[in-house]
Amino acid sequence: MLNDKEIRIKNGLKKEFILHTAIRPEFSAAHTKLCADGFVLTEEQMYIMGCCYERGILFGKPRLFNEEWLSDLCSCTGIYLEEYCHTDEENFYSEIKRNSAINIAPPMIYVRWEDKEYLAIVCKVHDDHTYDIISPVEKEVITVGSDRINRTRPWYMMNSPRFMAPVFRDKQELAENGLRHMFRNIRRLGSAPAGSSFWYDPVKLAELAAAGEGIPEYEELTYWIRALRSYMDIAALDKCGERIRELYDEIVSDTGGVKSELLAKIFDAEAETLAVWQDEYYRNGDKGNDT
Amino acid sequence: MNTTGTEIKAMILENIAKHHGIGSHCATTALRTLTNAAGYPFSEAFCFGLSGGLGFTYQKYTSVRYHFFTGRNECLEEGIVNVLGGKLLKGSSDNSAEAMETAKSFIDMGLPVILEVDMMKLDYIKDKLNLKRPFHFGLHSLIMIGYDEENAYVLDYMWWEPIKVPLSQLEAARDSQDAPIKPSNRWKVIIFNNDGNIDYEPMLREAIRGNVHKIMHPYAFKMGHDGLRVFRREFERWFGKMDADLLRENCYMMSVLFERVGTGGGNFRRMYGQFLDEANRILDLPCIARASSVYSQSFRKWRTFAKLLDAASEAEEIDKEPLLKLTDELIELEKAGMDALAEV
């Protein structure tokens, strides 16, 4: 990881947590917790094991990222993910305080940063209902008030196998399982009937994405290329990256064609490359046979 | 009919109900119903094995006098989606009314919802089980497949047909504060998107390997194989530590948990043995055949254990030796099963 620094944090926690500054904020809390358990994953491994690549229409809304990635990451790696939701402030406070005092698996809560929110590890809960958290943005321990916490979203605790001295399965094997899961889901989504609960159609998805919450940034849209490249680099990934760059530049410059049509072309390029990569991978690498 | 005299039309997902049948455990029956409805021809045991659900938990909660046991782990739905593919949506809430609206909204979209409930709060279960002592079990799973203005319609593992439950009763069962493990209005929805292609071999290997790891490396020390050994050690001490009444109560609750409410050791070992048998028609490995035979033996021993415990719960004096001897044998069998499956 470029420009990565390890920051060791103990504030109120029973064991030392290692924060990697180069990890993207979305993954930071889970990554930090896993590092503390001796399971150091790259961002790309987290992306694959969390089955983060997603292109689909879920209940009529566009999905360009798997929002259930933490649950999928935990299923893939054999971690028991405890998930709770306490909308009531007093309940939330007492539950987080109680669980952070037990301190086996620290609670992770959703905290707001301007227009975004990320999961953050809670180090300590104060009597005035403020929380010391490991900030995935500032990359240090900060104190936040309850007004910055999104209690409508769940809070979590990740319980690693053999919690006192965690034992994980082989990373390569887990990554292969993650890849298989990802390709299986892509294939299934592609064959789901139009208009069903969760389905995929590049044109429709592009229309919804362009009309709705906006198009993700180029780096976000092409993260899967980086993730796949870390397992097997093929020329088609480069070509696809270039093609997406061209189409993306047209979209954001407003000089090109209709946004949704350009985005649909991006999805087509993705699908083609994913198929080529998968074919190569299963022919040369993984012992699995997902065809 | 409602108060205005017009007929209330219930919204029921018949396409799910027609795939439901009686099963041996709530969560695995729910998975069989949902996978069958999605077009997968899986037995209940196969669903259990695919979910990597075999486990063991021994726990004492401060709010009740008895010890809690279960023969599964807590990630069945997550496990099956992980190996089979699909999308699992889940949530919980401290607001029971809001949680009920969430469940209804999924039904409106044609999706059945797995709900966790305290079974003692549901009249139809209480009447059927007819337990001698109240047993607030907050992790009972059922599938909600419909509702009208006053009732919910649910599928449950001991009933063929959808059961009509007053919405208020179901809401109370989901929000129960009486169970040592509270259901917390938890819900799960699985979207399988079956495309007709099932890559059995990697799927089965992954399910088995993942399960072996969970049992040999549990996240808490009273779980998995470690949990069985801790139980053996503490069980022996019960005889010198507990008064006769408390000991009898614990023996009774163990026998109920091991057999009657289907959560205990025996039923899951039986299902896992059957799963391995079915899996081995595809994988064809001697180690799986060995493990399948081990789990069939284990099932019979758990059943004997439950019967001895039931008898002990009514005995003047409890003979601990046969109980301890059986516990030792169960631990050995579990180890033998895991050792065999570690070769997969």
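Into which domains is chain B divided? The model is predicted; local features need pLDDT of at least 70, side-chain atom pairs count only at pLDDT 80 or more, and totals for chains, interfaces and linings use all residues. Residues are numbered from 1 along each chain as its sequence is written, while chains are lettered from A and ligands numbered from 1 in the order in which they are written.

**View 1. Domains of chain B.** Chain B comprises domain 1 (2–37 + 87–191) and domain 2 (200–341), with bounds from an automatic or database domain assignment. Their C-alpha centres are 28 Å apart.

**View 2. The side of chain B that touches chain A.** Contacts (C-beta atoms, placed from the backbone, within 7 Å) join 33 residues of chain B to 37 residues of chain A. Helix H4 (76–84), strand E4 (87–91) and helix H8 (200–216) of chain B each provide at least two residues of this side; helices (H or I, at least four residues) and strands (E, at least two) are DSSP runs, numbered from the N terminus. H8(B) gives the largest share, 6 residues.

**View 3. Cys51(A), a residue with positive phi.** Cys51(A) lies in the loop between helix H2 (43–49) and strand E3 (56–58) of chain A, and its phi is near 50°. Most residues other than glycine have a negative phi. Cys51(A) is buried, because 29 other C-beta atoms lie within 10 Å (buried: 20 or more; exposed: 12 or fewer; partly exposed: in between; C-beta atoms placed from the backbone).

**View 4. Asn185(B), a residue with positive phi.** The phi of Asn185(B) is near 55°. Asn185(B) occupies the loop between helix H7 (167–174) and strand E9 (187–191) of chain B and is buried, with 26 C-beta neighbours inside 10 Å.

Definitions and conventions. Two residues are in contact if their C-beta atoms, placed from the backbone, lie within 7 Å.
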